[in-house]
Amino acid sequence: MCGIVGYIGNKDPVPILLKGLKRLEYRGYDSSGIALLQENNLTHIKKAGKVSDLQLLVDDSSIKGTCGIAHTRWATHGIPNDVNAHPHFDHTGKIALVHNGIFENYETIKKVLVKKDVHFSSTTDTEVIVQLISELYYNNDEKLTFEDAVRAALQEVVGAYGIVALCADEPNKIIAARMGSPLVLGVGEKEYFLASDASPIIEHTRNVIYLDDDEFVIIDKAGYSISNIKSKKIISKSLTKIDLTIEEVEKGEFPHFMLKEIHDQKHSISDTMRGRLNLDNGTTNLGGIINYIPNILSASRIYITACGTSWHAGLIGKHLIEEYARVPVHVEYASEFRYRNAIIDANTIVIAISQSGETADTLAALKIAKEFGAITLGICNVVGSSISRETDAGIFTHAGPEIGVASTKAFTAQVTVLIMIALNIGRKKGVSKDRGKELIRALKTIDQDVAIILKNIKNIKKVAQYTATAENYLYLGRGINFPVALEGALKLKEISYIHAEGYPAAEMKHGPIALIDENLPVVFIAPQDDTFNKVLSNIEEVKARGGIIITVTDNVNNSIKSLSDFVLTLPKTHKYVFPITCSIILQMLAYELAVCRKCEIDQPRNLAKSVTVE
Ligand code: F6R
């Protein structure tokens with residue numbers, strides 16, 4: 001949610017900043033901008049639209065500097081236009097600032113500044129902080145330094161931020177601070193980078209420092225220093241080596257990141273399981289949470305909290321953990337959980353699931369759970385992310401960077417981790433070794449299963465072409481596959497803008513059946529398990545009312561063939577691995593539909609990858 005880049009060093013900052021913005025564009029893409037400082041001269045260009053629109057203007061300009069900041073925006077306060085694009089400036093034009101997050105008390109501060117005749121040009125919350133810094137720096141008897149003015153302003157704002165700022169009266173210096181929104185400092189040879197994640201930094205240096213909340217960075221000719229925003233106490237932090245590769249953050253031969261990431265699942269699920277499966281004992285080795293296994297075993301309840309796709313993974317996790325481990329699991333939207341009086345105590349385990357590890361609601365829910373004494377565990381994809389650092393322990397999904405806005409490989413990795421947790425606890429609670437081995441054997445063949453699915457996409461394309469003009473889509477599944485239906489529907493909504501709903505297949509009779517006519521495609525998830533015949537009856541009900549039937553199954557029999565308009569066949573697998581293979585075919589269906597509808601697949605309207613605001 002908004003991407004920030006900053007650079008100071010001996011190179012031309014322009015290409016570094018623009019390439020960095022392109023890498024961060026998944027975080028927001030409604031406008032972007034760049035500001036450069038050359039001695040005491042601050043110049044800038046900003047533009048509504050994609051980073052490529054900014055690039056055209058920059059290419060036509062002679063903008064240059066020795067250090068600079070840049071931003072790609074996902075609008076919260078103020079419509080996406082040129083004026084509201086970042087960087088924002090104070091009324092003297094000498095201070096520039098980029099911001100990721102929300103200043104909640106901006107109206108109060110703005111009123112005070114307006115009374116002092118400060119003129120605002122944008123309708124953003126961000127402009128308030130830059131005007132406030134200016135007021136403290138230029139109109140203050142105390143004669144604060146730029147650094148102190150920024151520190152003082154940050155103490156007056158309430159909310160979440162990652163900020164990076166420049167001042168024309170103190171050239172060759174960048175100031176940054178973090179409270180709630182991610183910020184990474186890259187440390188190169190006499191050059192420094194700041195970014196919302198490590199992807200803009202990797203081709204320049206592998207040495208980074210993940211900033212924590214309340215931290216303040218000053219970078220100038222002398223190098224960098226990190227201190228507490230308020231107390232100014234110097235914080236010594238060690239460098240982390242990032243092992244991300246450039247290939248991982250580029251889409252290579254694929255037309256879209258989403259398609260690349262769907263294909264990555266041919267190995268990413270195995271990457272998640274690497275070193276964690278123990279076939280001989282029919283169990284899993286989960287070093288990341290090993291010290292907390294006794295707490296899980298004796299827990300009175302588990303909450304899983306997450307948002308969006310990660311919440312769907314949580315629903316699948318509930319099914320698995322209750323089935324194998326027999327511990328009650330409640331799955332909660334983090335945005336609800338954080339504001340309700342849930343029953344949380346020291347006997348409660350709270351598992352936060354998040355691809356980015358930065359989702360504001362999930363992070364806040366986690367913090368509340370900690371306050372009430374719960375043990376907190378994380379399932380995150382991004383190493384070094386806030387949630388992974390805030391939790392007592394956790395398991396990284398190791399799916400590799402996910403850049404497409406619609407989550408794909410992160411979801412299947414999350415489900416894989418939940419399977420491994422459920423089995424681990426289950427084995428300790430009496431699930432037999434043979435049952436464990438059966439599941440592990442199925443997990444071990446998943447790469448082949450995924451490769452088969454992704455080779456046979458002819459039928460998926462046919463379904464997409466036939467239903468591309470549909471206005472609605474219904475996804476129906478039962479048991480552990482009800483959340484798979486929810487996830488299939490979410491994927492479709494996000495990238496094709498077709499309204500879609502996921503429903504428990506039998507629940508359809510209690511309302512959605514009224515929607516069925518010859519224009520409504522209905523996706524049935526029909527695994528070969530004890531729900532199969534029940535789903536078959538639900539298919540009959542839709543058939544009788546003329547709906548377009550698309551059945552996804554690993555059990556193609558004559559009834560399925562005769563009832564369905566289209567059959568999407570999956571390789572036979574374990575019933576608890578089926579949600580993974582089925583989700584992949586539904587990801588492909590959503591992708592192909594979005595292609596047919598000529599949608600902007602990696603940058604769907606109104607969305608951003610990492611939702612770091614409430
Ligand atoms: C959907 C999607 C979102 C995210 C949600 C949580 O494709 O990507 O629904 O799942 O915003 O994000 P994380 O997992 O980063 O906390």
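Strand E8 and strand E12 (residues 215-220) run antiparallel, joined by five bridges, and Ala176 sits opposite Val217 in E12. Strands here are DSSP runs (E, at least two residues) and helices too (H or I, at least four), numbered from the N terminus; two strands pair if DSSP finds at least two bridges between them.

This is a predicted model, where local features need pLDDT of at least 70 and side-chain atom pairs count only at pLDDT 80 or more, while totals for chains, interfaces and linings use all residues. Residues are numbered from 1 along each chain as its sequence is written, and side-chain values use heavy atoms, with hydrogens and water left out.

E8 also pairs with strand E7 (residues 159-167), antiparallel again, through four bridges; there Ile163 has Ala177 as its bridge partner. E7 and E8 make a hairpin with six residues between them, and Asn172 in the turn has a positive phi of about 55°. Five of the six residues of E8 (residues 174-179) are buried, so the strand is largely enclosed by the rest of the structure (buried means under 20% relative accessible area, 1.4 Å probe, protein chains only).

Now for the pockets.

| Pocket | Space | Top contributor to lining |
|---|---|---|
| Largest | about 930 Å³ | H6, four residues |

A pocket is an open set of points on a 1 Å grid over the protein atoms alone, where a 1.4 Å probe fits, with protein on both sides within 12 Å along at least five of seven lines; lining residues have an atom within 4 Å of a point. A volume is the space filled by probe spheres set on the points, which are joined across faces, edges and corners.

Technical notes: Buried means under 20% relative accessible area, exposed over 50%, partly exposed in between (1.4 Å probe, protein chains only).
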